Every structure is written in C-alpha cells, then in structure tokens.
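Here is a short briefing on aromatic ring contacts and charges over rings. Please read it alongside the model.

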Amino acid sequence: MGKHFDTLETRSADQRAADLARDLPRLIARAQGTAGLGAVLAGVDAAAITDAAALAALPVLRKSALVAAQAASAPFGGYAALKTAEFDHVFQSPGPIYEPGRASADWWRLGRFLTASGIGRGDIVQNCFSYHLVPAGMMFESGARAVGAAVLPAGTGQTELQLRAAVDIGTTAYAGTPDYLKIILDKAEEMGERLAITKAVVGGGALFPSLRAFYAERGITCRQCYATADLGNVAYETDAMEGMVIDEGVIVEIVRPGTGDPVPHGEVGEVVVTTLNMDYPLVRFATGDLSAIMEGVSPCGRTNLRIKGWMGRADQTTKIKGMFVRPEQVAAFVARHEEVGRARVIATREGEMDMMTVRIETRASNPALYETTLLDTLKLRGKVELVPPGTLPNDGKVIEDLRSYE
C-alpha cells in the first residue's frame with residue numbers, strides 16, 4: 001500500500017532488534033557525555049542497554065526537569081550533545097523552552113510522514129506552520145525537502161494572501177494545524193476561487209473526525225502525525241488508517257502515568273520517548289500524552305509498532321489552536337493581578353474551530369482589564385468571563401478540555 005520512505009520501515013522484528021542493540025548503547029554513551037544526563041545516567045553500563053526492557057530501568061526525564069535545567073543553564077539545560085553555535089537553528093517555544101535544530105538530512109524525520117501521505121516530487125506544499133520562534137515550520141520544511149517537494153513558506157495568518165498564493169502557484173498539498181485549512185477553503189468559496197489542494201498533513205492539534213470528513217468531501221486526503229518540538233516525529237498515520245505507526249528514529253514506551261513502569265500492550269498510559277538523535281539525545285522523555293500500543297502490524301506494510309494516537313493528557317497541559325497551554329502559564333496570569341483569586345482555561349469547539357474561554361474569579365467587572373495579560377501569559381486570545389470569588393469548582397483544575405475526541 002503506497003510508497004515507503006526507506007527500507008527501515010519494512011525491517012523484520014529480528015533486524016529491528018539487532019539494529020537497536022547496536023544503536024541504543026551508542027545513544028546512552030552519547031547522553032552520558034552531556035551535563036544534563038551525565039549525572040542521571042552515571043554508573044549505567046551503556047553497553048548493557050540494548051533493548052526496550054533494559055531501557056525501562058533508566059529514569060524518566062520529565063518536561064518540568066528540562067524546563068528547570070534550561071532556566072539554570074540556558075539554552076538547552078546541558079542536554080544537547082553539541083555546542084549551541086554548532087546547531088543551525090535555536091527555537092523558543094512558549095514556556096519559554098528552547099529546542100535545537102539542524103538543516104541536515106530531515107533532522108526531525110517528517111519526510112517519513114509526508115511520504116506515507118503521498119507527498120513527494122512534483123508537489124507544492126503550502127506550509128502554514130509557524131516559522132516564527134517555534135520549530136514547526138522548519139520541521140515540515142525539512143520533511144518536504146527530504147521527499148523532493150517544493151514549499152511555499154506561508155506561515156500563519158493573512159488568509160487572503162495565502163489563498164491568492166495557493167491559486168497562483170497551484171499548491172497541491174497543505175501542511176499546518178487541522179483547523180486552518182478550513183479557513184482557507186471557506187475563504188476560497190467566499191471569493192469564488194478553486195484550489196488544487198488534494199493532500200493535507202496536519203499536526204499541532206487534534207484532527208476531529210467531522211473535520212477530516214469535511215476535507216474528504218472536498219477531495220482532500222488528510223493525515224495527521226504525532227510530533228513534538230523536542231522529539232521530532234514520533235508516529236504518523238498511513239493509508240491503512242489503523243492507529244499511527246511509530247517512527248524509526250524513536251523508541252516509544254507506554255508507562256503508567258506518574259511512573260516509569262511500562263504497561264501491557266493495549267493499556268492506556270503515558271507516552272515516553274527515547275530519540276535516537278546523537279545531537280540531542282533525550283532518553284525516556286515523558287511527553288505528558290496518553291496513548292496505547294496496538295497489537296499486530298499495520299496492513300500498509302510498515303512493520304514497526306503502532307500507537308492508537310493521541311488519547312488525552314496525563315497532566316492538565318492542553319493544546320489549543322495548536323499551542324500548548326500549561327498550568328504554570330495560568331498561574332503566571334493569576335500572579336499578575338492581586339484582585340484575581342483563581343482562573344480556569346476551558347477548551348471547547350465551535351464550528352470545527354478550537355475556542356478558549358478563561359473564567360476568572362474577581363470582583364472586577366471589565367473583562368478588557370485582563371485581555372493583554374492573558375495574551376502575554378497564554379500566548380492566545382480567548383473569551384474572558386468574570387465570575388464572583390468562590391464560583392469555580394474546588395477540584396484543583398486550572399485547565400479543562402471539554403472537546404469530544406469521539
């Protein structure tokens with residue numbers, strides 16, 4: 001079914017295990033040479049870490065620890081194996097947290113996903129991921145380059161200009177968050193324009209079934225991947241449409257939330273990823289996302305394990321409009337206003353679009369007082385609702401996701 005990116009995707013289980021037994025000890029040794037993981041992995045015999053079972057005995061690295069390390073030793077907290085100036089890019093995601101990048105050889109491994117989505121030489125990809133500070137734009141740019149596709153580096157916003165470019169250039173593929181393509185299509189309908197887009201690769205948010213169906217009705221095949229700024233591509237959909245195939249450049253474990261203990265296949269747990277990246281060797285990095293390993297192999301011919309896809313968060317951190325909103329950002333907002341007791345971010349859907357409402361406990365009566373601070377701290381615009389002190393439930397939640405993923 002379809003074209004494969006390389007022969008790694010169709011390896012036998014024995015060959016994949018043999019390759020892992022060769023590569024994993026090298027990665028652990030490389031990680032031991034960094035300041036960030038050197039102390040954590042001190043005393044570990046790198047040569048003995050040859051499979052997932054041995055890997056599971058090592059400590060889990062949590063995002064909070066990475067953030068703290070970066071605050072103490074910017075920009076990468078001692079976790080990178082190269083000096084800052086040896087990377088081609090340095091990115092800053094909300095938090096702030098810094099991620100490195102390189103321009104060489106599909107560094108984030110998105111080419112595998114684009115190939116599985118039918119994108120390659122002869123395609124023109126309208127890349128609507130942001131190129132500003134965050135790495136998403138360059139991640140997909142690198143993937144498109146790896147498969148020989150041309151790129152319009154569109155970034156975000158300016159919908160009428162984006163539509164004009166898509167028509168004039170003859171864009172055949174879209175890359176971006178799931179929602180934004182609909183905005184472009186709606187604008188095209190409004191202006192009486194026809195687009196040549198037949199393929200879409202999306203990430204940065206959930207692809208809801210109704211939205212996928214909306215695209216399919218317009219002749220657009222839409223596939224999603226699971227990728228992060230820290231790890232690159234983790235897993236991706238294929239023509240088989242049975243879960244997501246795990247990328248060949250990572251090792252994925254599903255662990256019981258709050259621990260590092262792997263759960264049986266099929267059981268939902270937290271996604272923990274080790275990336276086989278010698279430049280930035282993150283070992284057992286806890287994503288905070290929930291998923292489960294699927295039994296069997298994909299009918300598409302790729303032989304690696306599959307996950308069921310994104311199944312929610314192990315913590316309250318939530319992705320809204322393609323951006324992570326974290327509990328510490330909500331706390332930073334509350335700290336900026338003495339008259340605010342508590343605040344809660346609520347994620348919903350309206351008309352196939354993510355919506356964010358922020359309920360604020362305060363005796364103030366003018367929502368405009370808080371709009372600037374919310375944009376500064378959450379990096380998103382949303383509806384502000386003021387409620388009297390003591391109104392919000394006493395359940396410890398500061399972020400509530402009311403979107404349906406069925």
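The count of aromatic pairs is 9. Rings of Phe, Tyr and Trp (its six-membered ring) pair if their centres lie within 6.5 Å; planes under 30 degrees apart are stacked, over 60 edge-to-face, and the rest tilted. This is a predicted model: local features need pLDDT of at least 70, side-chain atom pairs count only at pLDDT 80 or more, and totals for chains, interfaces and linings use all residues. Side-chain values use heavy atoms, without hydrogens and water, and residues are numbered from 1 along each chain as its sequence is written.

**Phe91 and Trp108**
- The ring centres of Phe91 and Trp108 are 6.0 Å apart with planes at 65°, so this pair is edge-to-face.
- Phe91 lies in strand S2 (residues 89-93), and Trp108 in the loop between strand S3 (97-101) and helix H5 (111-116), so the pair ties together parts 17 residues apart in sequence.
- Helices (H or I, at least four residues) and strands (E, at least two) are DSSP runs, numbered from the N terminus.
- Phe91 is buried at 6% relative accessibility, and Trp108 is buried at 2%.
- Buried means under 20% relative accessible area, exposed over 50%, partly exposed in between (1.4 Å probe, protein chains only).

**Cluster**
- Ring pairs join Phe76, Phe87, Phe91, Trp107, Trp108 and Tyr280 into a cluster.

**Charges over Phe214**
- The charged end of Arg218 sits over the ring of Phe214, 3.6 Å from its centre.
- Lys182 lies over the face of Phe214, 5.0 Å from the ring centre.
- A charge sits over a ring if NZ of Lys or CZ of Arg is within 6 Å of the ring centre and within 35 degrees of the ring normal.
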